Amino acid sequence: MIGTMRHLLLAIGSLLIAANLNAQTTKEGYALLWSNTIAVVPDSMTNGTHRLPAFTITVFESDGNEAMDLWRAEYKPMSKELSGSKPVKATGVMQPAIATTPLTILASSTSDKKLGIGRLTLAFARNDSVAADEQQAAEKAMYDMAVRYNKAVVQKQITTKEKGLDKATGKQENAQADAAKLDKKSAKLNSDLKKIKAKQGKIQANNAKLSGEIAGLEKKFQMTNNPKDLEKLAKLRSKLTSGEADLAKLMSSEAKLQGNLNKIEGDKPDAAKEEAMRTQTREELEKELDQLRRKLNDIR
């Protein structure tokens, strides 16, 4: 009967893992949905020359080492001593939900790498050779243990995903800041260009006015040959030269600003693409995290 139950456990495990492989998974390889079934399977365990009844549970998306580590962490505080390895023996275990007297609990674990699961087998006994009377209570405790340990595995996945989300959020915020900086620089350069062009317009208008006055005064001087007109003409020509020099400086500044603006405008598509990519990554991680939290709640 025990052998049949073990084969049944293997068969159920294979079917459940196959279903998981078809479910949506993270890049780390674990499922985003809980599609497994918590089960406690009757088993047996050898302790020297004695064979004791036992129970086996499955810790999904895990292995035997992790399952054993979870058990050790939980049972060490409630045991007088933990010793051995195959099996591990916990003595003086105070577990009121099972017995009012101290228990001896034997534990062993195995891994199924192909299925990606760990199995934990426990025997509850009064001593090294005599099984505890409260086997039904022990079976209930094993079921609750299976729920806790599978939740612990998924909680670890959630913690890892939360760390990944924190990093992704930081990268997204940096990308947003970079894109915003480019927008701010672009706006300032456009504002500066607008001011320069306004100054150019005023200087060009003034230069045009000076050129007109110079042309009129040159005609007048040709007729009057008056030294005073020549003196005025020299001053107007000096102003025009200064105006043309100012205009040339503004045109040079405009060309420099336009070059900077062109570079920024050229960088903006890449910055926007980076921001969009980082935003998508963050949103995907948030979605995965929500699914993992639902997965945790579905383990019962």
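How many residues apart in helix α4 are Glu231 and Lys235? Glu231 and Lys235 lie four residues apart in helix α4 (residues 227-298), a separation of about one helical turn; helices here are DSSP runs of H or I with at least four residues, numbered from the N terminus.

The model is predicted, so local features need pLDDT of at least 70 and side-chain atom pairs count only at pLDDT 80 or more, while totals for chains, interfaces and linings use all residues. Residues are numbered from 1 along each chain as its sequence is written, and side-chain values use heavy atoms, with hydrogens and water left out.

A salt bridge is taken as a side-chain nitrogen of Lys or Arg within 4 Å of a carboxyl oxygen of Asp or Glu, and the count by this rule is 17. Accessibility is given as relative accessible area (buried under 20%, exposed over 50%, partly exposed in between; 1.4 Å probe, protein chains only). Glu231 is partly exposed at 47%, whereas Lys235 is exposed at 53%.

Helix α4 also holds Lys263 and Asp267, again four residues apart and about one helical turn from each other. Their side chains meet in a salt bridge at 3.2 Å, N to O. Lys263 is exposed at 57%, and Asp267 is partly exposed at 30%.

Turning to helix α3 (residues 135-224), Lys140 and Asp144 are separated by four residues, or about one helical turn. Their salt bridge spans 2.7 Å from N to O. Lys140, at 48%, is partly exposed, and so is Asp144, at 28%. Finally, salt bridges link Glu28, Lys161 and Glu288 in a network.

Terms used:
Helices (H or I, at least four residues) and strands (E, at least two) are DSSP runs, numbered from the N terminus.
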